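This report covers pockets and backbone details. Have the model open while reading.

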Amino acid sequence: MGVHGVKAVFFDLDNTLVDTAAAGRRAIEEGLLPGPCLSKVINALQSKHHCGEGEARVICDKVQAKLLKECHDPAKMCITDLRISHWEEAIQETIGGEANRNLAAECYFLWKTTRLQHLTLAEDTRGMLTELRKGVRLLLLTNGDRQTQREKIEACACQPYFDAIVVGGEQKEEKPAPSIFHYCCDLLGVQPAECVMVGDSLDTDIQGGLNAGLKATVWLNKAMTAPLDTSPVPHYIISSVLDLPAVLQKMEHKINAKLGTDHVASSNE
């Protein structure tokens, strides 16, 4: 499907095309089920640090909270060291004693491996991307550490669905800086006014698309709850990424209607 005036669609990765948050939770929650489902992370905490299940649960909750508040500066520390530190701090905060870097590292790598196993590009999303690509060019634009994001991209096997993939950690600036969007446009040989940005973050995806002068921004708001702040304002809001084709059709109708109006106006002159 092609849309007049739209030549490319940029997609965010985390919590837009793949449910990274759910994969992270599952990597931990797997271990909180009784019996044979005991995860490797919880196992390590219980057997090597003699944690009870309650303490192991608290440690995992603390790590999740640290991930949500994480600020990573690659110039100061690599992402692996930072995330091992999250586990190290969470273990110390919960059970005290001396820092145990080795146990923290083991927990981090076990958690990371499990999370990557749960990262999938859903079949219906694959189908949608395949159809979209028949009419427009597709680009994956994700912020984040180079290694971490490339591992996710590899894990969910999304490369075949895109004409280009851009990782913020490999560029001078990340979303919402206009420069990374303009870099994406140059890669595809299109103009900003010919592109649509789709993502779940108002601060990076939507603000970035507006900053860069893209044709339209589409905010994925799964909860369909109104944001506390009214800024930035996306052009369109969807509750599922699968709703995107309908939005592009709506854009097509608007453009066709405008073209019709312009034609009538010029005929009357």
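## Second largest pocket

The second largest pocket has a volume of about 240 Å³. It is lined by 19 residues, with Leu17, Val18, Asp19, Ala122 and Lys222 closest to its centre. This is a predicted model.

Two helices, α1 and α6 (123–132), each supply at least two residues of this lining. The largest share, three residues, comes from α1. By type, the lining of the second largest pocket holds nine nonpolar, six polar and four charged residues. Domain 1 (8–18 + 120–265) and domain 2 (20–118) both give residues to this lining, so the second largest pocket lies between them.

## Largest pocket

The largest pocket has a volume of about 1,100 Å³. Its lining counts 34 residues; Asp14, Asn15, Leu67, Arg83 and Lys152 lie nearest the centre. Elements giving two or more residues to this lining include α3 (53–68), α4 (79–95) and α7 (146–156).

The lining of the largest pocket is made up of seven nonpolar, 14 polar and 13 charged residues. Domain 1 and domain 2 each contribute at least three residues to it.

## Backbone details

Asparagine 15 is not a glycine, yet its phi is positive, about 65°. This residue sits in the loop between β1 (8–11) and α1 (20–29). Asparagine 15 is also among the residues nearest the centre of the largest pocket. Its relative accessible area is 23%, so asparagine 15 is partly exposed.

Methionine 224 also has a positive phi, near 55°. Methionine 224 lies in the loop between β5 (216–220) and β6 (236–238). Its relative accessibility is 47%, so methionine 224 counts as partly exposed.

Lysine 175 and proline 176 are joined by a cis peptide bond, with omega about 15°. Proline 176 is in the loop between β3 (164–167) and α8 (178–188).

Definitions and conventions. Residues are numbered from 1 along each chain as its sequence is written. This is a predicted model: local features need pLDDT of at least 70, side-chain atom pairs count only at pLDDT 80 or more; totals for chains, interfaces and linings use all residues. Side-chain values use heavy atoms; hydrogens and water are left out. Helices (H or I, at least four residues) and strands (E, at least two) are DSSP runs, numbered from the N terminus. Buried means under 20% relative accessible area, exposed over 50%, partly exposed in between (1.4 Å probe, protein chains only). On a 1 Å grid over the protein atoms alone, a cavity is a set of points where a 1.4 Å probe fits but cannot get out, and a pocket is an open set with protein on both sides within 12 Å along at least five of seven lines; lining residues have an atom within 4 Å of a point. Grid points are joined across faces, edges and corners, and a volume is the space filled by probe spheres set on the points. Ala, Val, Leu, Ile, Met, Phe, Trp, Tyr, Cys and Pro count as nonpolar, Asp, Glu, Lys and Arg as charged, and the others, Gly among them, as polar. Domain bounds come from an automatic or database domain assignment.
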